[in-house]
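Here are my notes on this model, point by point. Have it open while you read.

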Amino acid sequence: MCGIAGLVGRFPPGTIGAMGALLARRGPDDHGVFEDREAGIAFAHRRLSIIDLSPAGHQPMADGSRRYTITYNGEIYNYRELRAELIARGRRLRGHSDTEVILELFADEGTAMFARLNGIFALAIWDSVERRLWLVRDGMGVKPLYLAETAIGLAFASELKALLAVPGLDRSIDRTAVAAYLGYLYSPGERTMFEGVRKLTPGTWLQIDADGRRTTEQFHTIPTYAPSAMSAEQAIAGTEATLRTAVERQMVADVQVGAFLSGGLDSSAIVAFAREHTPDKLACFTIDYRGSDDGEMIDDLPYARTAAQHLGVDLHEIAVDSRMASEFEALVYTLDEPQADPAALNSLKIASLARSHGIKVLLSGSGGDDVFTGYRRHRAAALDARIDRLPAPVRAGLGSVGARIPGQSATARRLRKLLSPMGEEKDSRLLSYFEWLRLEDAAALIGGASPGLAVDARRPMRDTLAAYPQGNQVERALRLEQHFFLIDHNLNYTDKTGMAAGVEVRVPFLDPDLMAFAASMPTEFKLRGGETKWALRKAMEPYLPRDIIYRPKTGFGVPLRAWMKSGLQPMMADLLSPATVERRGLFDPGAVAALRAATEAGRVDGHYSLLALMAIELWCRAFADQVAPVSAAA
């Protein structure tokens, strides 16, 4: 796991070095630069050594013929099998890294080999003969890759902050993305806060020829729901087998591997199988949250301790309290995007704790909810057929009642979320479950917003639903999770916080064989009798205590509503003051003040929306307000 950056064009000397310096935290073990100024190509690399710790793994790396050069971030879990295949063909390999395997396999097979890689990766390969560049991102988007077109040429990097070193970067604010960050807390699809920066779509490669011509091709698609005729017993056995295999594959490393352990089903299941491949006790890590909360959080720590004791693993705890709220500003810079989810602070704390114990790799339970169901909106989606049978006036009446429910308690907020969109057609209802703030309301906060802003912000999700009309609403919801919420929200903050601590995070639930099996599993074995992850729960009964398997669902969060009344209050007073809002020019000061007042009076639950507004102002200060190339210390 590493950080990569690159340039195609006649950029000023020193640009690539400055970009690499801004990625230093991603790769503390080694760094390198490849530059051919005559050809107008440059790569930077920051290395976190995990496979082949020797200098033979140094990057950027050239193949044996010197024709191809690669800069690569990620891990290929099946690299040993591919390496053996290359050797059988007569290829002579100098080291034992997965980087060299990718490079030599590409020299043999070209772009067809990307579909053969089982792993997480973002990479660039330069062909010095054809003067052609390929940029590639893994099929589930676990590894990020940002692209920026400038008047001079193209720049790319693992993190958006590295692009701040690029002269001529278009820093115009993308108001559609702003609406998305307010509505979803993330930006689904390719958009970022900058008009001039986009995300490479997962599972695609972009080819740039010497004459500037661009070609894009998709080499991986997320499996589409296609239920097979399996029994409940086959669903359970298949879930166990594919998850066990996925964990085993992702244990490959030349360093010690640890794991997140919240005491929830997903992380506990990963740990249960990972310990089978650990010669010593598996090192696991969790949060011990201390201090008052908003009365709505479930304390994970007792469950984590129960799971650790049952599984015989070492559990390391990091104690945090409300003072962690003061780190929100630094978090926004770390994430590259104004994601208003303080759960990312937990991820950063755990990764930092793991690194202090010498752990460079952590297994995560991320993806379990997105593959097998797990969120409340999946239960809501399961009710859709019944909702559709209600007469339209009844649905409209229920929607009107829902819109009037005050959001002062968790139960009230959930009921409002379910009922408010009742009068809408089914796709609009489903899309509404993904919005923290209705996008129409988000657009209303944006000063001078065009009437179509909400439509534009919703388009990536709506287009995905339109292209998949045949599935039931639960499976269509899972499709949205896997294409957007998982990639653009969870995986983004997981990658950025892990790498900020020099830790690679792996996600066994996103193994391609496991995902293909889940896509073939009938919905009734995922969500049954109101129980999410039914087959996974049954599969883990021989391995985990029932208290862990059937514990109440809780998010990986913090008591935000309590924080907004205490630790974050002074920050909010600064960031959302009328003067600050007016000076920024993005939002309507009156609308922001009204949202604050309504939230403080308890008429609406606007805490996450207010945090999103704060995150956007912090992001603008750290990214948009920079007027010159920044240093690594910025």
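How many aromatic pairs does a search of the whole structure find? The search gives 17, where rings of Phe, Tyr and Trp (its six-membered ring) pair if their centres lie within 6.5 Å, and planes under 30 degrees apart count as stacked, over 60 as edge-to-face and the rest as tilted.

Some ground rules. This is a predicted model, in which local features need pLDDT of at least 70, side-chain atom pairs count only at pLDDT 80 or more, and totals for chains, interfaces and linings use all residues. Residues are numbered from 1 along each chain as its sequence is written, and side-chain values use heavy atoms, with hydrogens and water left out.

1. Start with Phe-106 and Trp-134, an edge-to-face pair at 4.9 Å centre to centre, with 65 degrees between the planes. Phe-106 belongs to helix α3 (residues 98-109) and Trp-134 to strand β7, so the pair ties together parts that are 28 residues apart in sequence. (Helices, H or I of at least four residues, and strands, E of at least two, are DSSP runs numbered from the N terminus.) Both Phe-106 and Trp-134 are buried; buried means under 20% relative accessible area, exposed over 50%, and partly exposed in between, with a 1.4 Å probe and protein chains only.

2. Next, look at Phe-372 and Phe-509, again edge-to-face, with 6.3 Å centre to centre and 75 degrees between the planes. Phe-372 sits in helix α10 (residues 368-372) and Phe-509 in the loop between β17 (504-506) and α19 (512-520), so this pair ties together parts that are 137 residues apart in sequence. Phe-372 counts as buried at 1% relative accessibility, and Phe-509 is buried with a relative accessible area of 0%.

3. Phe-106 and Trp-134 also turn up in one aromatic cluster, together with Tyr-68, Phe-114, Phe-121 and Phe-219.

4. Now the sheet. Six strands make an open, antiparallel sheet in the order β4-β5-β6-β7-β11-β12, where two strands pair if DSSP finds at least two bridges between them. Its edges are β4 (61-62) and β12 (214-218), each pairing on one side only.

5. Walk across it from β4. This strand joins β5 through 2 bridges, and Ala-62 has Thr-69 as its bridge partner in β5. The hairpin has 5 residues between the strands, and there Arg-66 takes a positive phi near 70 degrees. From β5 to β6 there are 9 bridges, with Gly-74 partnered by Phe-121. Strands β6 (residues 119-127) and β7 (residues 132-137) then pair over 6 bridges, and Asp-127 stands opposite Arg-132.

6. Is β5 covered on one face or both? Both: Tyr-68, Ile-70, Tyr-72, Gly-74 and Ile-76 are buried on one side, and Thr-69, Thr-71, Asn-73 and Glu-75 on the other. That is 9 of 9 residues in this strand (68-76).

7. Last, the second largest pocket, with about 530 Å³ of space. Its lining has 24 residues, and Gly-189, Thr-201, Thr-464, His-483 and Phe-484 lie nearest the centre. (A pocket is an open set of points on a 1 Å grid where a 1.4 Å probe fits, with protein on both sides within 12 Å along at least five of seven lines; lining residues have an atom within 4 Å of a point.) Helix α18 (473-500) is one of the contributors, and its 5 residues are the largest share.

How values were computed
Grid points are joined across faces, edges and corners, and a volume is the space filled by probe spheres set on the points.
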